[in-house]
Amino acid sequence: MSSNVIPILKLLRVKDWIKNFFIFIPLIFSKNLFVFQTTYKAFLGFIFFSLSSSIVYIFNDIKDVDVDRKHPKKKNRPIASGAISISKAQTIIGILILALIFISYFLNFDSLIVATIYIILNVFYSLYLKHVVIIDVFSIAAGFVLRVIYGAVVINVPTSSWLMLTTMFLSLFLAFSKRYSEMVNSGDNTTYARKVLNEYSISYLIQMITIVATATIICYALYTVSEKTIETFHTDNMIFTTPFVVFGLFRYLYLINKKKAGESPSDVLYKDLTMVINIVLYLIVSIILIY
């Protein structure tokens, strides 16, 4: 039983569903976390979006199966390794689509549009955009921004402009860090790792990471002291959550430079206890201040 389930879970990239927790940002910051009906919708939206992202992952694995078999790490993916056949993977996609159709009846139309845009973007990314320098990074970042937008529309709440800017720059930070880590870890074998890496340089990526990390901190700090934030939460103490954001960015930079992490943001969160503790403390303090 487990021998059959584990390859399927790997195929669905369940561990990468942690990226979809961005969906819950609007829920928390709209002061609806403890409203059952709203939280239920957000959770249902999370499931829908996660299954949608799994379809994208499977599509990409089918498309890149020959290239993945030559890659030192990607060769262990279920399709590339032969643990799951292409025909079985296509069947799983069909099952996921049926599940999405069922869940869609419980979601609003706007959220379905955003999820569709996400799927289309990622299909284009798999086919073409991931080979175009800079555009590839913005495509990755757009995926995170769409998660936040989706999280807002699925529960029918507005989003803060400053919070959206923070999300955008944070997403670019994660995307550029991903390319930096891929480049560092691949050494001279950039062709098998990712062709677009030939268009980047270590120094350029460091400059971009520095710029977007700085922009993330500035935008978040301005968000915490903005008039709208103070008026919404009835407190000016949100500024005290800024150190957690700064520490998180600094910790991430440490991990990609000293520990050679960063190729997968999900792995960083799963494996680095310090990062996990920082995020948990940030959420606790934020929820206390907001609620």
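Colleague: What makes up the largest nonpolar core?

Modeller: The largest nonpolar core has 80 residues, and F29, I58, Y150 and F173 have the most contacts inside it. Helix 9 supplies the largest share, ten residues. Such a core is a set of buried Ala, Val, Leu, Ile, Met, Phe, Trp, Tyr and Cys residues, joined through side-chain atoms within 4.5 Å. Helices are DSSP runs of H or I, at least four residues, numbered from the N terminus.

Colleague: What should I know about the model?

Modeller: It is predicted: local features need pLDDT of at least 70, side-chain atom pairs need 80 or more, and totals for chains, interfaces and linings use all residues. Residues are numbered from 1 along each chain, and side-chain values use heavy atoms, without hydrogens or water.

Colleague: How do you know whether S104 is buried or exposed?

Modeller: Buried means under 20% relative accessible area, exposed over 50%, partly exposed in between (1.4 Å probe, protein chains only). S104 has 18%, so it counts as buried. S104 sits in helix 6 (residues 86-104).

Colleague: Why is L222 called partly exposed?

Modeller: L222 has 35% relative accessibility. That value lies between 20% and 50%, so L222 is partly exposed. L222 is in helix 11.

Colleague: How do you know which residues F29 touches?

Modeller: Contact means heavy atoms within 4.5 Å. Leaving out residues up to four places away in sequence, F29 touches L163, Y223, F233, M238, Y282 and I290. By that same rule, S104 is in contact with F48 and L112.

Note on methods
Helices (H or I, at least four residues) and strands (E, at least two) are DSSP runs, numbered from the N terminus.
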